Amino acid sequence: MAPRPKNPPPDRRAEILDAALRLFAAKGFDAATNAEIARAAGVTAAALYYYFPNKEELFRAAVREHVGTFVPTVVDLTRADRGLESLRELLRRAMAFFTDEKSQMVLKIVLAEGPRRPEIRQAWIDQTAAILEMLTPFIMNAIAAGQIRPVDPRLAFMLLQGPIMSAVVLRDLLQIPFMQGIENDAVVDALLEITLPGLMPNR
């Protein structure tokens, strides 16, 4: 283990996190070494260790900071509370976020490594739980306003997020041939036309 430097190095967190995600996604969590990450980020091993004492913390920080970039979108749209219009826009933004290159690297790592590495799975669970916590009051308000039927907010979250995650995994990560050519807008339109009506109250 490299010695922790006495003086902080220049702020290179962003470069380190980006390099780590790319190497974890390309080589696997175990195969990517701290030395490789440091080289890819253009920092010394001591500088890497200054910011992140181990690879687990490095991955947690990468997930936390990347998913954190989506939080302002959730906050803005739920605070605006334009009912179903806010929900529609949130779904469109979520589709764009999960088809972002970094999001797909995170998902690839979580799906490949999460089943056998609880700490990696937990990093994703923590961030998903934080998003759900922000969405729950919005969903409850929509129920109270009669815009959607009474349903457990967790189920609403699952039903609305599920098609997006399915599209990302099948089309982008697994690259199933007959899924190619389906555009993001088509996925969101189908979600709004098919899944969302199932949450509407009976009139």
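Reader: How do you know how far the coordinates can be trusted, and in which helices is confidence lowest and highest?

Author: The model is predicted, and the chain averages a pLDDT of 86, with 94% of the residues at 70 or above. Confidence is lowest in helix α5 (residues 71–80), where the mean is 83, and highest in helix α2 (residues 34–41), at 93.

Reader: Why is the contact of D18 with K102 called a salt bridge?

Author: The criterion is a side-chain nitrogen of Lys or Arg within 4 Å of a carboxyl oxygen of Asp or Glu. The closest N and O atoms of D18 and K102 are 3.6 Å apart, so the pair meets the criterion. D18 belongs to helix α1 (residues 13–27) and K102 to helix α7 (residues 101–113), so the pair ties together parts 84 residues apart in sequence.

Reader: What makes D18 and K102 partly exposed?

Author: Partly exposed residues lie between the limits for buried, under 20%, and exposed, over 50%. The relative accessible area of D18 is 22%, and that of K102 is 30%; therefore both receive this label.

Reader: What makes E101 and R22 a salt bridge, and where in the chain do the two residues lie?

Author: Their closest N and O atoms are 2.9 Å apart, which is within the 4 Å limit, so the pair qualifies. This pair links distant parts of the chain, with E101 in helix α7 and R22 in helix α1, 79 residues apart. R22 has a relative accessibility of 35% and therefore counts as partly exposed.

Reader: How many salt bridges does the rule give, and which residues are linked in a network?

Author: The count comes to 17. A network of salt bridges links D30, E56, E113, R116, R117 and E119.

Reader: What makes D185 exposed, and which residues form the negative surface patch?

Author: Exposed means over 50% relative accessible area; D185 reaches 58%, so the label applies. D185 is found in helix α10 (residues 184–195). The patch is formed by D185 together with E183, D189 and E193. It is called negative because Asp and Glu count as negative.

Definitions and conventions: Residues numbered from 1 in each chain as written. Predicted model: local features only at pLDDT ≥ 70, side-chain atom pairs only at ≥ 80, totals over all residues. Heavy atoms only, no water. Patch = residues over 30% accessible without salt bridge, like charges linked within 9 Å, V, L, I, M, F, W, Y side chains within 5 Å. Areas by Shrake-Rupley, 256 points an atom, 1.4 Å probe, with all protein chains shown as cover. Charge placed at Lys NZ, Arg CZ, Asp CG, Glu CD. Helix = DSSP H or I, 4+ residues; strand = E, 2+ residues; numbered from the N terminus. Buried < 20%, exposed > 50% of the residue type's maximum accessible area, 1.4 Å probe, protein only. pLDDT = per-residue confidence, 0-100.
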